[in-house]
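Hello,

Here is the structure I said I would pass on. My notes on it follow below.

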Amino acid sequence: MPNAVKHVLFILVPLIAVFAVLPGVYQNHLLLFNFVTFLILAQGVNIIYGFTGYLPFGYVGFFGAGAYGFAVLVMHYQSPALVAVLAAGLVGVLLGLLLTPLLRLSGAYFAIANLAASLAVLHLVANPALEGITKGPYGVSLTGTFNPSHAYYAALAVLALTVGGVVFLKNSSFGLALQAVREDAVSASMAGVNVVKMRIAAWLASALVAGLAGGIYAWYVSVFYPDNVFSGDFSIFAIVFALFGGVATISGPIIGVLILYGVYNLIGFTTPQYFQLIYGLLIMGLVLFLPAGLVSLATRRGWHVP
Amino acid sequence: MLTYALVAGVLFGLYFSLVGVGLNLVFGVMRIVNLAHGDVMMLGAFVALGVVTLAGIDPLFAVPLAFVVFLLVGTLLYWVLVPRLQGSANPEMLSIILFFGLSQVVEAITTIFAGTSERSIQSRLLGTVFSTIKVRLFGGKPEAGPIRILGQGFPAPWVIAAGTSLVAIGLVYVYLYRTRLGTLTRAVMSRRDEALASGIDVDRVSAAAFGIGLGLAAVAGVFAPFMFGSITPAFGADATVTSFAIVVLGSLGNPLGTALGGVVYGVCYMLVQTYLSSWADLLPYVLLILILLLRPSGLLGRQVRVA
């Protein structure tokens with residue numbers, strides 16, 4: 001059995017199946033939806049950071065742009081929710097295209113420019129001067145399309161797409177080429193890899209899933225403000241979850257989200273500042289002692305982790 | 001109106017360069033992105049608050065206190081965190097995440113001890129030491145109120161903060177170009193491995209730069225309650241982003257470019273604030289991206305740097 005089939009059968013299918021069944025047995029549907037959203041975002045970060053080495057510090061920009069793409073289509077064109085979700089993905093890709101010049105930057109410069117870009121989109125959307133289009137800082141209310149259970153299953157579909165994408169990257173020559181570019185762009189290009197095309201493809205794929213996730217988030221919550229959907233927490237959480245598990249693997253980001261977001265929900269709501277303290281210490285310990293994530297505990301012993 | 005915007009922009013800009021210069025020193029020497037920069041500023045503001053409420057003296061006295069305390073804290077922190085980080089595969093990226101964790105810890109601890117309420121210091125308290133000296137020497141009455149520049153009145157704290165920033169940046173210049181440790185620091189900045197090979201104790205130099213960087217951030221923080229109105233434990237995150245915009249404008253890795261970056265940022269900010277106020281928030285980020293794309297090395301690029 002080829003590896004790709006194994007990965008789909010033993011990671012993707014069980015993950016989707018569990019999250020498809022859970023709403024029937026567990027009452028807190030919002031929590032489940034948030035889990036799915038963060039799984040998508042963490043895998044999106046995995047695609048761009050794990051496979052190309054670009055740290056998207058303003059990843060939430062695509063998410064928020066997707067949410068507002070959805071909102072604008074529903075508010076002004078009364079389009080059905082599914083069409084609007086697809087449009088949200090398109091908005092993510094367009095924003096990604098607009099930001100492709102950022103890929104010329106490297107290291108910390110890219111991370112900072114990406115952060116600035118996401119804040120620029122936030123302030124553009126929240127600008128009172130554009131109230132006619134985006135309702136500015138006053139937030140949008142999309143009661144017409146409100147349907148949390150459909151939105152939940154749409155999110156699952158996007159999760160399946162995203163994890164499928166990572167499985168593809170993990171098992172294809174395309175993914176291998178991307179990792180070669182990450183390690184040494186010059187050598188990779190000597191070996192016949194089209195560096196620019198590869199990077200842009202990964203960047204747009206990662207923007208697409210964040211845009212779709214943003215659109216579905218807008219569909220699910222239906223009432224939100226610019227500060228909600230552009231909250232820097234989305235970028236940070238997605239990055240930390242992905243890193244905690246281990247990037248450039250399929251299972252790493254999934255493990256990261258399940259453990260860390262689980263812990264967040266256990267203690268985060270009652271005493272946020274103690275959680276923040278534990279969280280901060282955890283992140284620092286992670287970087288200092290386990291920079292390759294939890295999966296490196298296994299890979300160090302020579303076990304193969306997909 | 002234009003004069004007011006320009007002068008206010010320069011005053012704010014000088015203050016902003018003080019905000020950015022510490023961050024830049026740390027990045028220039030260690031290639032480490034200190035995301036906890038804004039949180040150190042926030043702690044500096046709490047030092048000022050402590051000086052005012054406990055001792056009841058001019059918050060200006062908090063400047064040397066904050067600097068010395070955070071110089072020591074920074075040096076200690078360097079030895080705990082950085083050598084381990086430098087040993088990892090991708091220190092520049094991991095530093096972003098490591099210091100994000102640190103900023104969370106600082107914010108959480110401050111919240112646990114100080115609560116989330118907004119705190120401010122009466123602006124007339126700042127600079128009372130000057131008016132007292134003036135009264136002692138020349139007689140007359142202690143006067144408070146705006147300081148007049150070019151026929152326009154500006155709040156006294158703005159002018160004092162800008163003046164302190166000028167002095168601080170001047171001292172950074174003296175440190176880098178007139179002292180032995182500063183020369184070594186510049187050597188490490190331009191080529192870390194060659195500096196190491198020529199027998200420079202890179203860790204010691206870096207620890208000093210890290211301490212000074214944090215000290216400068218704390219000094220900038222002392223003025224934060226006056227420049228931004230009030231202060232909360234959550235202030236750090238926004239301050240960090242603003243500092244980044246300034247540092248990149250001036251060029252990462254060049255502490256003196258930051259002074260220019262700060263002034264450009266301040267003037268642009270005030271101009272947009274005055275004429276197109278609803279777009280003012282957008283400006284720093286667009287400016288940042290444009291500069292990064294058109295002149296990735298900042299206004300004073302690496303080639304121009306005398307190092």
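B:Arg31 sits in the loop that joins helix H1 (2–30) to helix H2 (37–55) of chain B. The model is a predicted one, and in it B:Arg31 has a positive phi of about 55° without being a glycine. B:Arg31 counts as partly exposed, because 17 other C-beta atoms lie within 10 Å.

Chain A has a residue of this kind in A:Gln78, which is not a glycine and has a positive phi of about 45°. A:Gln78 is found in the loop between helix H3 (60–77) and helix H4 (81–98) of chain A. With 10 other C-beta atoms within 10 Å, A:Gln78 is exposed.

Chain A contains 15 helices and 2 strands. The radius of gyration of chain A is 19 Å and the globule rule gives 19 Å for 306 residues, so chain A is as compact as a globular protein of that length. Along the principal axes, the C-alpha atoms of chain A fill a box of roughly 55 × 45 × 40 Å. Of the 306 residues in chain A, 52% are buried. Among contacts in chain A with a separation of 6 or more, 77% are between residues 24 or more positions apart.

Chain B has 12 helices and 2 strands. Their order along the sequence is α-α-α-α-α-β-β-α-α-α-α-α-α-α. Buried residues account for 50% of the 307 residues of chain B. In chain B, 79% of the contacts with a separation of 6 or more join residues 24 or more positions apart.

Helix H9 (residues 202–227) of chain B was looked at separately. Its 26 residues should span 38 Å at 1.5 Å a residue, and the end C-alpha atoms are 36 Å apart, so the two values agree. H9(B) does have a kink of about 25° at B:Gly221, shortly before the proline B:Pro225. The helix is mostly covered, with 22 of its 26 residues buried. Just after H9(B) comes B:Gly229, which takes a positive phi of about 90°.

Next, the interface. In all, 35 residues of chain A are in contact with 36 residues of chain B. On the chain A side, the elements that give two or more residues are helix H5 (107–125), helix H12 (232–245) and helix H14 (272–289). H5(A) gives the most to this side, with 13 residues. By class, the side of chain A that touches chain B is made of 29 nonpolar and 6 polar residues, with no charged ones.

B:Tyr285 belongs to helix H12 (residues 283–294) of chain B. B:Tyr285 is buried, because 24 other C-beta atoms lie within 10 Å and 20 or more are enough to count as buried. Which residues is B:Tyr285 in contact with, leaving aside its neighbours within four places in sequence? In chain A they are A:Ala116, A:Leu119, A:Ala120 and A:His123, and in chain B there is B:Ala245. B:Ala245 is 40 residues from B:Tyr285 along the chain, while their C-alpha atoms are 6.9 Å apart.

Regards

Notes:
Residues numbered from 1 in each chain as written. Chains lettered and ligands numbered in written order. Predicted model: local features only at pLDDT ≥ 70, side-chain atom pairs only at ≥ 80, totals over all residues. Contact = placed C-beta atoms within 7 Å. Helix = DSSP H or I, 4+ residues; strand = E, 2+ residues; numbered from the N terminus. Nonpolar A, V, L, I, M, F, W, Y, C, P; charged D, E, K, R; others polar. Expected span 1.5 Å × (residues − 1). Bend = angle between axes of the 7 residues up to and from the residue. Buried ≥ 20, exposed ≤ 12 C-beta atoms within 10 Å, placed from the backbone. Rg over C-alpha atoms; globule rule 2.2 N^0.38 Å.
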